[in-house]
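Here's a quick briefing to read alongside the model.

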Amino acid sequence: MEIRHIPLFKGIDAAERRLPVLIERAKERGPVVWLTAVSHGDEFTGIPVLHRIFNYFKKNPLKRGTIYGLPIMNILGFELIKRENPYDDQDINRSFPGDIKGDTTERLAAMIFNNIIETNPDLVIDIHSDTLNSIPYIIVDRPLSDEPKVKETVEKSWQFSERFGVTVTYDIDIPGYRKYQLDKSLTASLINRANITAFLVELGGPNILNETFIRTGTKGIKNILVSLKMIDQKEPAWVSETKIETKGRMELLETITTNENGLIEYLVRPGQFAKTGTRLATITNILGKTEEVICVQRDCYIIALGDRAVSFPGSPIINVAAEEVKK
Ligand SMILES: [Zn+2]
């Protein structure tokens with residue numbers, strides 16, 4: 001393994017701030033794959049996943065191509081266990097492709113983005129962590145234009161993501177996608193601005209490391225590397241028992257929010273199918289009175305329940321996905 005650094009800036013203590021990149025090169029030329037993690041400083045699962053993948057090559061050398069691993073994009077956020085970039089409180093994964101003359105986080109995003117695209121990658125997998133109470137799942141980005149090349153890249157990203165072995169869903173519909181600046185995520189920018197195949201995988205457990213999610217990520221990435229003939233297939237392709245299979249493709253719906261302040265009690269579990277009208281959660285006040293019953297408005301699958309016990313009006317508590325309705 002080779003280690004390179006992306007230089008960022010010089011600190012007041014004259015120390016260089018830089019991002020380490022792990023690199024594994026095979027003798028034979030082949031696909032270029034990037035594995036990236038921790039743009040959100042409190043989502044750690046990607047780090048041990050990368051360690052296990054790069055360790056695997058010690059006994060099972062890479063057959064062809066190159067793998068780049070960027071274990072932490074948000075180093076100060078990691079040290080402070082904070083989602084945003086603490087230098088200016090901006091979300092790195094809502095700042096791509098970045099701007100080399102922009103604000104602090106835009107500059108960081110640009111350094112990362114430019115370093116990735118100059119290697120001309122065939123695939124970029126960005127690892128995140130939804131709640132601990134979630135199923136592992138992949139989000140495929142939306143095309144932001146009708147350009148055939150962009151649509152083709154989205155389709156290729158979907159095809160790749162299906163080989164990972166977990167539930168796959170498109171991100172939320174375009175208006176919400178733009179509203180929440182999901183169109184400025186790393187994967188969205190790679191697909192839409194550079195025609196680079198990419199997807200994001202959510203391996204739950206912000207703030208902590210969960211062995212099941214780490215194994216899921218490691219096995220899924222091995223599936224992908226086998227499909228690219230970069231490593232040998234040692235066992236049949238792995239599929240998570242949590243993978244939701246539907247006839248049509250799924251899309252994330254807007255996160256379900258509450259209207260009342262109180263204690264949240266969930267009535268469903270991640271992975272479960274919920275028919276229209278199913279009760280998802282109740283909100284109870286300090287006297288034990290039920291203030292709100294949250295029901296689902298459309299047939300859907302439960303993807304993630306919030307890692308929180310208390311709701312306020314507008315608190316996002318449940319992520320769901322549903323089969324796409326063709327317009
Ligand atoms: Zn994240």
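Predicted model: local features only at pLDDT ≥ 70, side-chain atom pairs only at ≥ 80, totals over all residues.

Residues are numbered from 1 along each chain as its sequence is written, and side-chain values use heavy atoms, with hydrogens and water left out.

**Zinc site**

- His 40 (ND1), Glu 43 (OE), Glu 43 (OE) again and His 128 (ND1) coordinate the zinc ion at 2.0 to 2.6 Å; donors are N, O and S atoms within 2.8 Å of the metal (3.2 Å for Na, K and Ca), and since water is not among the atoms, sites may look incomplete.
- Along the chain, the donor spacing reads H-x2-E-x84-H.
- Glu 43 sits in the loop between β3 (28-37) and α1 (46-59) while His 128 is in strand β5 (residues 123-128), so this pair ties together parts 85 residues apart in sequence. Helices (H or I, at least four residues) and strands (E, at least two) are DSSP runs, numbered from the N terminus.
- Both Glu 43 and His 128 are buried (under 20% relative accessible area; exposed is over 50%, partly exposed in between, with a 1.4 Å probe and protein chains only).

**Helix α1**

- Buried residues in α1 include Ile 47, Leu 50, Ile 53, Phe 54 and Phe 57.
- Among the elements covering the buried residues of α1 are β2 (16-25), β4 (64-70) and α7 (211-227).

**Salt bridges**

- There are 17 salt bridges in the structure, each a side-chain nitrogen of Lys or Arg within 4 Å of a carboxyl oxygen of Asp or Glu.
- Glu 43 turns up again here, pairing with Arg 83 at 3.4 Å between the closest N and O atoms. Arg 83 lies in the loop between α2 and α3 (104-117) and Glu 43 in the one between β3 and α1, so the bridge ties together parts 40 residues apart in sequence.
- Glu 211 and Arg 52 meet at 3.0 Å, N to O. With Glu 211 in helix α7 and Arg 52 in helix α1, the pair ties together parts 159 residues apart in sequence.
- Glu 162 and Lys 243 also form a salt bridge (3.0 Å, N to O). Glu 162 is partly exposed at 33% relative accessible area, whereas Lys 243 counts as buried at 13%.

**Surface**

- Phe 312 is in the loop between β16 (310-311) and β17 (316-323), and counts as partly exposed at 45% relative accessibility.

Methods. Contact = heavy atoms within 4.5 Å.
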